[in-house]
Amino acid sequence: MSTLNVDTIGAQSGTTISIADGDNLEGTQLVLLASGTASSSSELLFDNFVDTSKYSSYIGNVKYLVPATDQKVLRFSFRQGGSSGSDLTGNYRQSSSYAFLDASHNAINPNLSRTDYSELVPGMGNTAQDALSMNFEFYPADGTNGINQLLSRYVVREYNNETANYYFSNHSLEVSTATTGLRFHMSSGNIASGSIYIFGVRYA
């Protein structure tokens, strides 16, 4: 009976198997790239996690985010410049829709724009019951191709603590500069608590 020497094929390090021809087989297509936890923080900043050669897009998870003061808006800006980054300025375009879960209130809001930032979540409360959990998808521009896009979906209790409603929003910024990160902050005051995790989606 013949035997196969696996050392001639490659080696394994963690969940990555390196093949002799240089290719890799990944144990997962979703890779945690960055995370941050607020503690009376002015912002949650994520610079230099974008790598368009490895990742087709990015998925973010917001876990139990609470502003320090009541009825504040969660904002974000796209970033440039890598590890010593700065906000990308310009005209941020947005559309959104929402529907209350226990009332007839609903709306579609097209053609919104703001200068140098976009608004993710309006009217956040500052109690534990108001804590925000949200997923978002991020598609960065590389300076040559595409425009920056961030899509978000969440349920939040707002508008003077009425019962939760479901939101969907789409944000974009057209730039000729490679986008390398994201910055999250409140319309005023600090982020009292909560965490954000950012995962890269590997090319198949």
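Start by selecting Tyr64 and showing everything it touches: leaving aside neighbours within four places in sequence, Tyr64 is in contact (heavy atoms within 4.5 Å) with Ala131, Leu132, Ser133, Ser193 and Gly194. Tyr64 itself sits in strand β6, residues 55-67; strands here are DSSP runs (E, at least two residues), numbered from the N terminus. Now pick the C-alpha atoms of Tyr64 and Ala131: they are separated by 4.6 Å, although the two residues are 67 residues apart along the chain.

A quick word on what you're looking at: this is a predicted model, where local features need pLDDT of at least 70, side-chain atom pairs count only at pLDDT 80 or more, and totals for chains, interfaces and linings use all residues. Residues are numbered from 1 along each chain as its sequence is written, and side-chain values use heavy atoms, with hydrogens and water left out.

Next stop: salt bridges. Each one is a side-chain nitrogen of Lys or Arg within 4 Å of a carboxyl oxygen of Asp or Glu. How many salt bridges does a search of the whole structure find? The search turns up seven.

Select Arg183 and Glu43 to see one of them, with the closest N and O atoms 3.1 Å apart. Arg183 is in strand β15 (residues 181-186) and Glu43 is in the loop between β4 (30-41) and β5 (44-46), so this pair ties together parts that are 140 residues apart in sequence. Is Arg183 buried or exposed? With 16% relative accessibility, Arg183 counts as buried (under 20% relative accessible area; exposed is over 50%, partly exposed in between, using a 1.4 Å probe and protein chains only). Glu43, at 28%, is partly exposed.

Asp87 belongs to strand β8 (residues 86-87), 96 residues away from Arg183 in the chain.

With all five selected, you have one network: Glu43, Asp47, Arg79, Asp87 and Arg183 are joined by salt bridges that share partners.

Last stop: Ser152, in strand β13 (residues 148-156). Ser152 has 0% relative accessibility and so counts as buried. Not counting residues up to four places away in sequence, Ser152 touches several residues, among them Leu120, Met134, Phe136 and His171.

Methods: Helices (H or I, at least four residues) and strands (E, at least two) are DSSP runs, numbered from the N terminus.
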